Amino acid sequence: MFDRLSGGHFKFAPVVKAALCALGVALPNAAWAGEVAQIPESSWRLKKTPHFDIRYQAKWSPPGIQLTLEKLHRLLRSDLGTLADWLKNEPILIYIYKDRPSYLNGRFTPPDWSEGVAVYAEKTVAVYDQKEAFKLHRIIAHETTHLLFEGYFSGKGRNLPRWLNEGLAMLMEDGAGSNPQNYSWTQAMDAMTKDQIIPAEKFFTEDLNIESSAEIVNDWYLQAFSMVHFLLKKHSRLQFQNFCSRLRDGITLQEALWKTYKISSLKKLEEKWRGTLKNAGGASARQSYKRLIESVHHRSRGKAEFSPLQRR
Ligand SMILES: [Zn+2]
C-alpha cells in the first residue's frame, strides 16, 4: 500500500519501530486464517450514529465512541469535505474487535504489526478495543482519515505523498480524539527542537536511507504532522483542498505548492514552515512524544510492511 501510494523509499532495519498505520492492507494471510472460529462480524452488536455503523464484538460498546465519531465526521467534512462527497450520504463502517487476537484473526486479515486497517472499497475501518478509550478514538480517527484521503487519490490512480497522508491522519487524531496530557502531536510539535528537523531534500523524497535510527523515523512522522499542520491550519481549508486536488490531477508537488500557496520550492516551504515553529524548548519533543508513539500506536515498522505484497 505504501509502495503504491508513495513509492516506499524508506529502508528500514527490522528492529526499527515507529508510528505506523496499516493503510488498508487486507491480504489473505494463511498464518492467521481459520485459527480461531469467529462469529461473523455482520452478526455483532450494532450501534448507529448519523454517519457511522459501529459493529462491536464485545458486550459493551467502547465508551464515548458515538460522540467521538460524529465529532470526527464534522472535522473531516469541514477540513476535507470537497475531497469526499460521499461522506454526506454514505455511512462509514467501523468494526471493533474485542481484543487484538480476534482482530488479527478476523476477516480483514490485517498485518500483525497493525492496530487498525482502512478498507476503502468497503468504506470500512477495522480496529480492536483498547484499554484506554482515547487511544481507540485516536486510532479510529487516524485510519478513517486514511480511508477518506486514499479513496480520493486512488479514484484517479495518482500518487499520494506519504508525508501528506500520514501528517493529515495525525492531524485528525489530535482534532477528533481526546488528548490527555502529553498525548498530542501538537504538544510534541511545539517542543520540537532544531536538531530534529530533517532537511527538505531528505524529508520530501523520503530517502532517509536509515538503517537503524528509529529516532529519525519518529522525527520524520512529527515533521509530516507539522508540515500538514502548516499547510492546513496556517492557510485556508480551501487552499489545502485545492492543493490536494492539484496533486491528484497529476502535477508535481512543486507546481501544486506554487499554484496554491505561491511557494516556489520545497526549500522555501521548509523555510516558511520553520518560521511557524514555536520551538518551545524545554524537554525535547523526542521525550514528550515518545510516549505518544509507543503507547498510542504500537506500530512496528519492519521489512514486511514494505514488501510488494503489502498492497491493497
Ligand atoms: Zn497512518
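Let me start with the whole chain. The model is predicted, and the protein has 312 residues, of which 42% count as buried. Its secondary structure comes to 12 helices and 5 strands. If you take contacts between residues at least 6 apart in sequence, 76% of them join residues at least 24 apart.

Now the sheet. In what order do the 5 strands sit? The order is E1-E2-E3-E5-E4, in an open sheet with mixed pairing. At the edges are strand E1, residues 45-48, and strand E4, residues 116-119, and each of these pairs on one side only. From one strand to the next, the twist averages 15°.

A reminder for anyone new to this: strands of a sheet pair through backbone hydrogen bonds, and the pairing is either parallel or antiparallel. Strand E3, residues 92-97, pairs with strand E5, residues 124-128, in the parallel sense over 5 bridges. In that region Tyr97 stands opposite Tyr128 of E5. E4 and E5, on the other hand, run antiparallel and are joined by 4 bridges. There, Val119 stands opposite Thr124 in E5.

Stay with E4 for a moment. In a regular strand, side chains alternate between the two faces of the sheet. Which residues of E4 point which way? Gly116 and Ala118 point one way, Val117 and Val119 point the other way, and all are buried.

E4 and E5 form a hairpin with 4 residues between the strands. Lys123 is in that loop between E4 and E5. Its phi is near 45°, a positive value in a residue other than glycine. For context, most residues other than glycine have a negative phi.

On the H2 side the contact has Thr68, Lys71, Leu72, Leu75 and Leu76, which meet Met172, Gly175 and Ala176 in H5. By class, that is 5 nonpolar, 2 polar and 1 charged residues.

The second pair is H5 again, now with helix H8, residues 214-233. Here the angle is about 80° and the axes are 7 Å apart. H5 and H8 are therefore roughly perpendicular to each other. On the H5 side, the contact includes Trp163, Leu164 and Leu168, and on the H8 side the residues include Tyr221, Phe225 and Leu232. The class count for this contact is 11 nonpolar, 2 polar and 1 charged.

Gln239, Asn242, Phe243, Arg246 and Leu247 in H9 meet Leu253, Ala256, Lys259, Thr260 and Tyr261 in H10. These residues divide into 5 nonpolar, 3 polar and 2 charged.

Trp258 lies in H10, which covers residues 253-261. Trp258 is partly exposed, with 16 other C-beta atoms within 10 Å. Which residues does Trp258 contact, leaving aside its neighbours within four places in sequence? They are Ile263 and Ser264. The C-alpha atoms of Trp258 and Leu269 are separated by 9.9 Å, and these residues are 11 apart along the chain.

Lys262 lies in the loop between H10 and helix H11, residues 266-276. Lys262 has a positive phi of about 55°, although it is not a glycine. Why does Lys262 count as exposed? It has 8 other C-beta atoms within 10 Å, and the cut-off for exposed is 12 or fewer.

That is the end of the talk.

Terms used
Residues are numbered from 1 along each chain as its sequence is written. This is a predicted model: local features need pLDDT of at least 70, side-chain atom pairs count only at pLDDT 80 or more; totals for chains, interfaces and linings use all residues. Helices (H or I, at least four residues) and strands (E, at least two) are DSSP runs, numbered from the N terminus. A residue is buried if 20 or more other C-beta atoms lie within 10 Å of its own, exposed if 12 or fewer, and partly exposed in between; C-beta atoms are placed from the backbone. Two residues are in contact if their C-beta atoms, placed from the backbone, lie within 7 Å. Ala, Val, Leu, Ile, Met, Phe, Trp, Tyr, Cys and Pro count as nonpolar, Asp, Glu, Lys and Arg as charged, and the others, Gly among them, as polar. Two strands pair if DSSP finds at least two bridges between them. Axes are lines fitted to C-alpha atoms, for helices over the stretch in contact, and angles run from 0 to 180 degrees between N-to-C directions. Angles under 35 degrees count as roughly parallel, over 145 as roughly antiparallel, 65 to 115 as roughly perpendicular and the rest as oblique.
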